[in-house]
Amino acid sequence: MADVTMGDIEKLLAKGQELKQFLRESPEVLEFLRLAAKTTLQNPIIIPPDERYIHAGEVAKILCIDKGAVYRLEKAGRLTAYYVGDASRMKFKLSDVLAVPQMKEVQP
């Protein structure tokens with residue numbers, strides 16, 4: 001393990017103070033970080049205002065499949081799920097759903 005000097009600690013503390021000041025001046029960044037911490041997404045996103053997100057039940061109706069198949073599509077990587085705002089349920093971009101070919105069932 002590398003030796004840590006007082007100079008290293010002082011530099012780290014200075015960077016922490018810079019970050020604290022930046023977050024005070026940029027509340028939207030702080031809100032984004034809070035959202036990221038609440039979700040299980042590895043790559044949280046900021047939602048564009050013109051994008052529409054729908055629940056799995058709505059996805060199932062559009063694709064003419066059951067809700068379980070929607071989750072299997074997500075697990076298989078064919079449909080991306082998002083956690084929007086403070087939602088604890090996953091949602092899906094309508095544009096992504098409309099890009100999925102119609103199907104009867106997704107095999108587990």
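**Burial and overall layout**

I looked up burial, and 26% of the chain's 108 residues count as buried (under 20% relative accessible area, with exposed over 50% and partly exposed in between, using a 1.4 Å probe and protein chains only). I kept in mind that this is a predicted model, where local features need pLDDT of at least 70, side-chain atom pairs count only at pLDDT 80 or more, and totals for chains, interfaces and linings use all residues. I also noted that residues are numbered from 1 along each chain as its sequence is written, and that side-chain values use heavy atoms, leaving out hydrogens and water.

I found five helices and three strands in the chain (DSSP runs numbered from the N terminus: helices are H or I with at least four residues, strands are E with at least two). Starting at the N terminus, I read the order α-α-β-α-α-β-β-α.

I then checked contacts (heavy atoms within 4.5 Å). Among those with a separation of 6 or more, 52% join residues 24 or more positions apart.

**Helix α3**

Which residues of α3 are buried? In this helix, residues 56-63, I noted A56, V59, A60 and L63. They sit on the same side of α3 because they cover an arc of only 100 degrees around the axis (taken from the directions from the helix axis to the C-beta atoms). The buried residues of α3 pack against β1 (53-54), α4 (67-75), β3 (91-93) and α5 (94-99).

I62 also lies in α3, but this residue is partly exposed, at 30% relative accessible area.

**A lysine in β3**

My next stop was K91, in strand β3. K91 is buried yet has no salt bridge (a Lys or Arg side-chain nitrogen within 4 Å of an Asp or Glu carboxyl oxygen). How far away is the nearest side chain of opposite charge? That is E58, at 7.4 Å (Lys and Arg count as positive, Asp and Glu as negative; His and the chain ends are not counted). Leaving aside neighbours within four places in sequence, K91 is in contact with residues including Y53, H55 and Y82.

**The start of the chain**

Last, I looked at V4, in the segment before α1 (6-25). V4 counts as exposed because its relative accessibility is 60%.
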